[in-house]
Amino acid sequence: MESIEAAALARNDRYLREFVEALELCPFARKCRESGRLARRVLRGERPAEATAAAVRELELTSEEQVEVALLIYPEFAGDLRAFEEFRDDVRGWLRLFYCVAFHPALPMDLSDANRAVSFLRRSPDPTLQLVRISTLDRVRSGRPAGSVYLDTSRSLPELHDLEGPPSLSEQITQANLRTLRRHEPDRLAALLAGLGRR
């Protein structure tokens, strides 16, 4: 009989390969996995704060060459999406070298704009925390425009439009992902994700 850990990793494998990578939703996902810089931990228990703190301590000791992205997977987490987001907020306080976002099977499907669509992309089979190394993100974003733009509002609308810089890497990815989701029939993708979560 398959262990809880093995089953959670198998579901996560399918989510990464059949959804994220198959639809090219993250241009770096496959390379990170294939280069061995993706770390995954399955953490047992209803709200395993102590085990999570230990995993965070371990990951904070690694180098970028060892781990760029880590997935902490919680197949037995007790609580709804809100409880998991509160748990994520606790974990963020323990991190120095990583950003942290929550993936969860109950995240909504709202494709009204690119930013709202991100939640649907994070509809993983099990509650999961994704840790992305800050230095990796900085390296990926280097040379890309970022930061605030201050506009002289006395200028005409065409002049203001000319001042707009190219979209950031993050904006480019979210816009491309929204186009991909709309092109692939969102209801079919929702059914695919639901199937990945069956235990």
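This is a predicted model: local features need pLDDT of at least 70, side-chain atom pairs count only at pLDDT 80 or more; totals for chains, interfaces and linings use all residues.
I started with strand β4 (residues 128–133) and checked burial: five of its six residues are buried, so the rest of the structure largely encloses this strand.

Next I looked up what β4 pairs with. One partner is β2, running antiparallel to β4 and joined to it by five bridges. For a landmark in that pairing I picked Leu72, whose bridge partner in β4 is Leu129. Strand β3 (residues 98–103) is also antiparallel to β4, and here I found six bridges. In this pairing Phe103 sits opposite Thr128 of β4.

Then I went to the other pairing of β2. How many bridges join strand β1 to strand β2? I got five, with β1 covering residues 38–42, β2 covering residues 69–73, and the two strands parallel. Leu38 faces Val69 of β2 there. I also followed the chain between these strands: β1, helix α3 (residues 49–60) and β2 form a β-α-β unit, and its hand is right.

Last entry, a helix pair. I took α1 (residues 4–21) and α9 (residues 186–196), whose axes come within 9 Å and cross at roughly 160 degrees. Anything over 145 degrees counts as roughly antiparallel, so that is how I logged α1 and α9. The crossing of α1 past α9 is right-handed. Which residues make the contact? On the α1 side I listed Arg11, Arg14, Tyr15, Glu18 and Phe19. On the α9 side I have Leu189, Leu192, Leu193, Gly195 and Leu196.

Technical notes:
Residues are numbered from 1 along each chain as its sequence is written. Side-chain values use heavy atoms; hydrogens and water are left out. Two strands pair if DSSP finds at least two bridges between them. Helices (H or I, at least four residues) and strands (E, at least two) are DSSP runs, numbered from the N terminus. A crossover is right-handed if, with the strands pointing away from the viewer, the path from the first strand over the helix to the second runs clockwise. Buried means under 20% relative accessible area, exposed over 50%, partly exposed in between (1.4 Å probe, protein chains only). Axes are lines fitted to C-alpha atoms, for helices over the stretch in contact, and angles run from 0 to 180 degrees between N-to-C directions. Angles under 35 degrees count as roughly parallel, over 145 as roughly antiparallel, 65 to 115 as roughly perpendicular and the rest as oblique. A crossing is left-handed if the near helix is turned anticlockwise from the far one by less than a right angle, and right-handed if clockwise. Contact means heavy atoms within 4.5 Å.
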